[in-house]
Each structure stands twice: as C-alpha cells, then as structure tokens.
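Here's a quick tour of one model, a couple of residues and the packing around them. Have a look at it first.

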Amino acid sequence: MDDLRTTAGGTASAARGDLRPPASDGDERTTLLTCLRYLREAVIAKTAGLTDAAAREPGVPSGTSLLWLVKHLTAVEANWFEWAYAGGAGEPADDEAPVGERETARELVAAYRAAAERSDRIVAACEDLGRPGARSLRETPPPTLRWILTHMIEETARHAGHADILRERLDGAVGR
C-alpha cells in the first residue's frame, strides 16, 4: 500500500521506497548522465512529504538542512557546467548561501531541476567529453567535461547520503 504524503510543495505524492541505481549499458556519456540523474532525483525525493519548515530544519550542528542541500547542489551545477565549462557570464553562484526565509521547497526543487536541465543540455551539445572547459573553479587548468561529470556524481552522491541521514532524523523515512 502506498503511503500518501503532502510534499513540501503542497501536493500529494506517494512516499518513495528504496530505488536501486538504474542499469545503464550505454556509452560513457549515457552512463555518466544516467548515474547523475539518478542521484539528483534521490536528493529531490528526500524533500517529498515534508512541510517547508521540516525541510529547512537543520539536522546537524553545522546547520545543514535538506533545503540547503538542494540549494547548494543547484549552485554547484550552475558553477561547474554553466560558468566553468560553458564560460557563462558573471561570477559563480554562491554555493554556501543559506536558504532564505521565504524560499520554498517547491521553488528550490524547481530551480534545481532547471539547473540540471541546463547542465544536461551542455553535456548533450559537447562532442568530446575530453575537451577542457572555458575556466576552472579551482586553481587548476580548466577541467574536461568528463572530469566535471565525474565530480558532479561524487558531489551529488555525497550530499544524497547526507540527505538520507537528515530525512531519517526528521521522520524515520529511509531508502534511496
């Protein structure tokens, strides 16, 4: 029986059970994107069924919350794919910015999905994953898109694990 909950955005959804990583027998680009998309959705799923107040509740002394993780990953996606790799204008986004009092889970998840879509378009347009980007966020030469994809899998997986723990502390929900 599905456990229906009200999401942080106010809509009803079935609680997500444990989902294993998808099988991917594709080429390198397809495999990397499949893993990254799975992890993005795992982070987003941790916000389902929570009120905005619960999703912004810090679960550890450092102040990390589920919504902060979503906001952080949104900025990291924009910084690596759009700013560093594609050479977007302006300065990198602040990936340590706190969640604003008026920011909602619905807005933050929508922004994360939009950033992920932009990132995916950049990946799709790149003919060679080994081609370096326009600039780097570190004191190194610009990394290749292959490195950025691998780094984003690592970064998102790390924070998906944090989200697992934060969600379990909030209401006991477990699973990927």
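Where is the place of Ser 119? It sits in helix 4, residues 105-125 (helices are DSSP runs of H or I, at least four residues, numbered from the N terminus).

## Ground rules

This is a predicted model, so local features need pLDDT of at least 70 and side-chain atom pairs count only at pLDDT 80 or more, while totals for chains, interfaces and linings use all residues. Residues are numbered from 1 along each chain as its sequence is written, and side-chain values use heavy atoms, with hydrogens and water left out.

## Ser 119 and Phe 81

Ser 119 is buried, at a relative accessible area of 0% (buried is under 20%, exposed over 50%, partly exposed in between, with a 1.4 Å probe and protein chains only). Beyond neighbours within four places in sequence, Ser 119 is in contact with Arg 40, Glu 77 and Phe 81 (contact means heavy atoms within 4.5 Å).

Skipping residues up to four places away in sequence, Phe 81 touches a list including Leu 36, Ile 122 and Met 152.

## The cores

Phe 81 is also among the residues touching the most other members of the largest nonpolar core, which has 20 residues. Such a core is a set of buried Ala, Val, Leu, Ile, Met, Phe, Trp, Tyr and Cys residues joined through side-chain atoms within 4.5 Å. Helix 3 gives the most to this core, with six residues. Apart from it lies another core of 18 residues, Val 43 and Val 99 among them.

## Arg 138

Arg 138 is in the loop between helix 4 and helix 5, and is partly exposed at 44% relative accessible area. Leaving out neighbours within four places in sequence, Arg 138 contacts Trp 80, Trp 147 and His 151.

Note on methods:
Helix = DSSP H or I, 4+ residues; strand = E, 2+ residues; numbered from the N terminus.
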